[in-house]
Amino acid sequence: MAKVTISLDSDLAIEVMLLSGTRSPQDAVELIVRDYLARGHRTEARTGSATDQERLADRRSAPEEGR
């Protein structure tokens, strides 16, 4: 797995560590990113993906055949 290095404000990292109960900034950020992705997947499962919305919008705006 490829690794990514980022710079982060130390106060932000500490606050995330305290809220998440983790002991390292890396663990805290990884936990937050995983949570963010999981929420996105849950939302997508409930509402459909953005491409589904575009497809449905195209279908609604197109005139019906035979009229």
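**Entry 1: Glu-30 and its partner.** I began with Glu-30, which is partly exposed at a relative accessible area of 36%. The model is a predicted one. I then looked up the side-chain contact of Glu-30 and found a salt bridge with Arg-34, at 2.9 Å from N to O. Side chains of opposite charge can pair when their charged atoms come close. I noted that both residues belong to helix H2 (residues 25-47) and stand 4 residues apart, about one turn of the helix. Arg-34 has a relative accessible area of 53% and is therefore exposed, the cut-off being over 50%.

Entry 2: For Asp-35 I read a relative accessible area of 34%, that is, partly exposed.

**Entry 3: the largest pocket.** I looked up the largest pocket and noted a volume of about 550 Å³. Glu-30 and Arg-34 are among its lining residues, which also include Met-1, Lys-3, Ile-6, Pro-25 and Val-33. I sorted the lining by class: 7 residues are nonpolar, 2 polar and 3 charged.

**Entry 4: a nonpolar patch.** I found a nonpolar surface patch of about 400 Å², made by Val-4, Ile-6, Leu-8 and Leu-12. I placed Leu-8 in the segment before helix H1 (10-20). Leu-8 is partly exposed, with 41% relative accessible area.

Key. Residues are numbered from 1 along each chain as its sequence is written. This is a predicted model: local features need pLDDT of at least 70, side-chain atom pairs count only at pLDDT 80 or more; totals for chains, interfaces and linings use all residues. Side-chain values use heavy atoms; hydrogens and water are left out. On a 1 Å grid over the protein atoms alone, a cavity is a set of points where a 1.4 Å probe fits but cannot get out, and a pocket is an open set with protein on both sides within 12 Å along at least five of seven lines; lining residues have an atom within 4 Å of a point. Grid points are joined across faces, edges and corners, and a volume is the space filled by probe spheres set on the points. Ala, Val, Leu, Ile, Met, Phe, Trp, Tyr, Cys and Pro count as nonpolar, Asp, Glu, Lys and Arg as charged, and the others, Gly among them, as polar. Patches are made of residues with over 30% relative accessible area and no salt bridge: like charges are joined within 9 Å, nonpolar side chains (Val, Leu, Ile, Met, Phe, Trp, Tyr) within 5 Å. Accessible areas come from the Shrake-Rupley method with a 1.4 Å probe; for residues, only the protein chains shown count as cover. A salt bridge is a side-chain nitrogen of Lys or Arg within 4 Å of a carboxyl oxygen of Asp or Glu. Helices (H or I, at least four residues) and strands (E, at least two) are DSSP runs, numbered from the N terminus. Buried means under 20% relative accessible area, exposed over 50%, partly exposed in between (1.4 Å probe, protein chains only).
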